[in-house]
Amino acid sequence: MAMNVAQKLIGAHLTQGHMTPGEPIALTIDQTLTQDATGTMVMLELEAMGLDRVRTEVSAQYVDHNLIQEDNRNPDDHRFLQSAAARLGVWFSRAGNGVSHPTHQQHFGRPGRTLLGSDSHTPAAGSMGMLAIGAGGIDVAMAMAGEPFHLKMPEIWGVKLTNALPDWVSAKDVILEMLRRHGVDGGTGRIIEYYGPGLASLSAMDRHVIANMGAELGATTSVFPADEAVKRFLGAVGRPDDFAPLEADDGADYDVHETIDLSNVVPLIARPSSPGNVVPVREIAGESLSQAYIGSSANPGYRDFAIAAEMVKGRQVSDWVSFDVNPTSRSILETLTRDGHVLNLLGAGARLHQAGCNGCIGMGQAPANDTNSLRTTPRNFPGRSGTREDRVFLCSPETATASALRGEITDPRDLDFDYPRVSDPIDPILNTRDLMPPLPASESSRVQLIKGPNIASLPEFEPIGDDLELTILLKMADDISTDEIMPAGNEVLPYRSNIPRISDFCFGPVDADYVGNAHDSGDHALIAGGNYGQGSSREHAAIAPRYLGLRVVVAKSFARIHWQNLVNFGVLPLRFDSDADYDALETGQTLRFSGLHKALQDGDTLTAETPQGKITLRHDLTPRQVEVLLDGGLINWMKRHHDI
């Protein structure tokens, strides 16, 4: 049978199930990726499991999110992560070395491999012909322990690309076009595979931009073939022997079909406060702004900075615009400096920041209040920038830079100079000074974990009860993100390894009284609309509410990673069988469940008693997930079922 790239990748790693959409499957994992905002939990979970050394081909821990060191908390966690990496046989990328996704692609990306990462933008590695999936930290910890990754077989959505992008239009506009067409949940339950003659004009890093933001569509992952573009990239970064071609067979088919004529794509922009709120730039041209921001994992490549540098060369950005440049790795910064681009940026008035995620996750570069900020970042959820009442737009480097020059939102095609052409260098500077290889097992066994005073062991959670009576503490609308469940930013993220303390921030943007009400109520339930838990993979959005007594979430639908995180920590996610039941329920009412354990084991529906009468709910759990839930979470399940 002719197979597409996604099917080849899945088939080569399939250990359980069949490649039938919706069927439970399990995949072996070759590589893992963790970053510091989620990695501390992964390392604490591995400690709780008692793992002595990782059992993957490559596992890498990056420090790229929490780089602001205003007190001891972040640097303490960095030392903890470095000691844990040394003890477990994990590569360690120090603060300032680079954002995890482009750094991993440069050093470890290999066609044909699987990658599981505790960051929702891990699918960026799909640009290399990899099957790269974002997941909660506990799933990544399991993979590091040698366990397969469990999911439901996605549909394969084939997107045929034709022709080439016109001047002033780049890869960011391609993924914004996908979001314009399909919104933030259009990719749910799907892998997006890009193919067709239009690929010839897209570099490996262009593809990284598109694959990265497939997460904003809700897709399981995005994949590209491993072709000449990938071969050129691996040759440039000094790893030509790691290339292996991987392309779809002639006659391969897809479950869903789509075509994008690249020559018809125009500069696009996502308005506040959703990546799916996309319009042509010309539709809102002329609006004022106070900030233009270049960088992040969504536009991390050399050309994304070089095009901005060439656009501002010999020019000045507006006096009223903060032009923020966040290099995504030390290597890229050194190469840009060698080639003169950093001088062009600084000469035009740019502010140069350290290599890292920074403003993308609310760690610095917060915009001014009541003003517009244009960013090349992947997300613009409310408050994510660090400013509570922010107005963040997502766009390409060309649009952000053109707007910085004009002092107002500007379609780059309306500038009065020709499009400057830049390309990735064939000889980039490769700095590995701050990428530390795993210690030999004989040395790693002697390493002691370094735990600062802000690091707390994981709470132990008891299994879910058979009979429950739960007060509904919150009723929420559609598209609630993990940034609203558990905010990011420099006030909250330093507590990422301290669940009791970080829980104080739960649902802050949604309901400032939630934490106090949860302490008063004890065990409770939440109600939500569609696509609940979209966005970041951070499992704190499941663990912290569970710590406060959350036992059940009932929603119209769930984002994949958060749904799985809830199960992994013993919270039961349920779907309304009828949207009318969502409409009828209100905050303060009670949900009652009887004989819950048997109901979960016997089928995919169960009954809850409400003030309006009995309602039917669906759980969508596999038999394995029912076991996990009844054990009180994945760590308890792992201890009971496996000897590691």
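Helix 10 and helix 11 cross in a right-handed sense. The model is predicted.

**Helix 10 and helix 11**
- Two packed helices are described by the angle between their axes and the distance between the axes.
- For helix 10 (residues 302–312) and helix 11 (residues 330–338), the angle is about 35 degrees and the axes are 10 Å apart.
- Helix 10 contributes Tyr302, Phe305 and Ala306 to the contact, and helix 11 contributes Ile332, Thr335 and Leu336.
- Of these residues, five are nonpolar, one is polar and none is charged.

**Serine 297**
- Serine 297 sits in the loop that lies between strand 15 (291–295) and helix 10.
- Serine 297 counts as buried because its relative accessibility is 7%, under the 20% cut-off.
- Its side chain makes a polar contact of 3.0 Å with the side chain of asparagine 212.
- Leaving aside residues up to four places away in sequence, serine 297 touches Val99, His101, His121, His208 and Asn212.

- Four strands, in the order 11-10-9-12, make up an open sheet with parallel pairing.
- Strand 11 (221–223) and strand 12 (256–261) are the edge strands, each pairing on one side only.
- From one strand to the next, the twist averages 20 degrees.
- Three bridges link strand 10 (residues 190–195) to strand 11 in the parallel sense; glutamate 193 has valine 223 of strand 11 as its bridge partner.

**Helices across the sheet**
- Helix 1 (residues 5–13) lies across strand 9 (155–162), strand 10 and strand 11, at about 125 degrees to strand 10.
- Helix 6 (residues 171–182) lies across strand 9, strand 10 and strand 12, at about 130 degrees to strand 12.

Notes: Residues numbered from 1 in each chain as written. Predicted model: local features only at pLDDT ≥ 70, side-chain atom pairs only at ≥ 80, totals over all residues. Heavy atoms only, no water. Axes fitted to C-alpha atoms, helices over the stretch in contact; angles between N-to-C directions. Helix = DSSP H or I, 4+ residues; strand = E, 2+ residues; numbered from the N terminus. Left-handed = near helix turned anticlockwise from the far one by under 90°. Contact = heavy atoms within 4.5 Å. Nonpolar A, V, L, I, M, F, W, Y, C, P; charged D, E, K, R; others polar. Buried < 20%, exposed > 50% of the residue type's maximum accessible area, 1.4 Å probe, protein only. Polar contact = N/O pair within 3.5 Å; in protein donor to acceptor, adjacent residues only side chain to side chain. Pairing = 2+ DSSP bridges.
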